[in-house]
Amino acid sequence: MHITTNNEWFEATVSAINIESPTVKTLTFTAPYPIHNKAGQHFELRLTAENGYQAARLYSAVRAGSGEKTLQLTIMDTLNGEVSPYVTESLRIGDKVEIRGPFGNFFVWTPDEKRPVLLIGGGSGVVPMHAIFSAHQDSASTAKMHLLYSSRTFDDILYKDEFLDNKDVTITLTKDAPSDWQGKSGRINQAMVEEIVTEFPEKPLCYVCGMTKFVDAMTEALQANGITPDLIKTERFG
Ligand SMILES: Cc1cc2nc3c(=O)[nH]c(=O)nc-3n(C[C@H](O)[C@H](O)[C@H](O)COP(=O)(O)OP(=O)(O)OC[C@H]3O[C@@H](n4cnc5c(N)ncnc54)[C@H](O)[C@@H]3O)c2cc1C
C-alpha cells in the first residue's frame, strides 16, 4: 500500500466538471491514492506549462475525505488570475494536474467537537463551509450548526441543491435579489449576526472564510456580539 505524505505531489485526472455558477466550477479529480482529509482542510494544485513554468494555488476540499480515490475542488474564476481562469475555462475531462495535501490543521471541524458552530462564508469562502456542513450532517453530532452565507447574486449561490430552502442555512444577497427572494438582502452586519447568534443555546464556535476585508468585518461583528477571539477561526482567501 502506498502511504502518501502531504508534501508529495500526485498526478490527478479531471473526471467530472460541474458548473456551480457563471464563474465557479466544481472539478472532480481522480487520484492514484486514497485521499484522507478533515472537513475544512485545503490542497495545493499545480499547473505546469509546456515551457516548464509552474504555478500553484491553494483550494479547499469540497468535503472531508475518508479514503476515496477522488477529490473535489470548487474554483472561482478570478479576473486576470494566473491559475483559476485556466482551471475553470480550459481544463477538460481527462486532463491532468498535480495536487498535494491536505494542509491546515486549525480551520477544521471533526464530529468530536461538542460545541455548537456558526459558519460564516463569503463568495468562494463558502467552500470549506460546505465541507464542514456536510461532515456535520453525515455525523451523529447533535450540536447545532448554522451557516450564514453571503453571495453577490442568486446566480452566484454555490451548492444550491443543498443550501437553498435549508433551515440551517441563511443566505444574504449583497447585489441583486430576485423579486421573489425569500432570504436576506445586503451585507452581513452586526444586527444580522446578532439575530443568528441569539438562536444558539451557548456562544458558538465560529468559522469565518472569505476575502480579507470580509473576514475582518465578520470578526468585528462577532466580537461586537460577545464572541471572544478564542471562539473564532478564520481563513483568508486573498
Ligand atoms: C487556504 C486557502 C484556500 C482557498 N480555497 C479556495 C477555494 O476553495 N476556491 C477558490 O476559488 N479559491 C480558493 N482560494 C484562493 C486561491 O488560492 C487563489 O488565490 C485564487 O484562485 C486566485 O488565484 P489566481 O492564480 O487565479 O489569481 P492570482 O494570479 O493569484 O491573482 C490575480 C488577482 O486576483 C486577486 N485575487 C486573488 N485571490 C482572489 C480571490 N479569491 N477572489 C478575488 N480576487 C482574488 C489578487 O489580489 C490579484 O489581483 C484559497 C486560498 C487559500 C489561502
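Select Asn 80 to start: it sits in the loop between β5 (65-76) and α1 (84-89), where helices (H or I, at least four residues) and strands (E, at least two) are DSSP runs numbered from the N terminus. Its phi is positive, about 60°, although Asn 80 is not a glycine. Asn 80 is exposed, with a relative accessible area of 74%; exposed means over 50%, buried under 20%, partly exposed in between (1.4 Å probe, protein chains only).

A quick word on what you're looking at: this is a predicted model, with local features needing pLDDT of at least 70, side-chain atom pairs counting only at pLDDT 80 or more, and totals for chains, interfaces and linings using all residues. Residues are numbered from 1 along each chain as its sequence is written, and side-chain values use heavy atoms, leaving out hydrogens and water.

Next, pick Asp 165, in the loop between α3 (160-163) and β9 (169-173). Phi is positive for Asp 165 too, near 55°, and this residue is exposed at 86% relative accessibility.

Now jump to Gly 101 and Pro 102, and check the peptide bond joining them: it is cis, with omega about 5°. Pro 102 belongs to strand β6 (residues 96-103).

Finally, zoom out. Colour by burial, and 49% of the 238 residues come up as buried.
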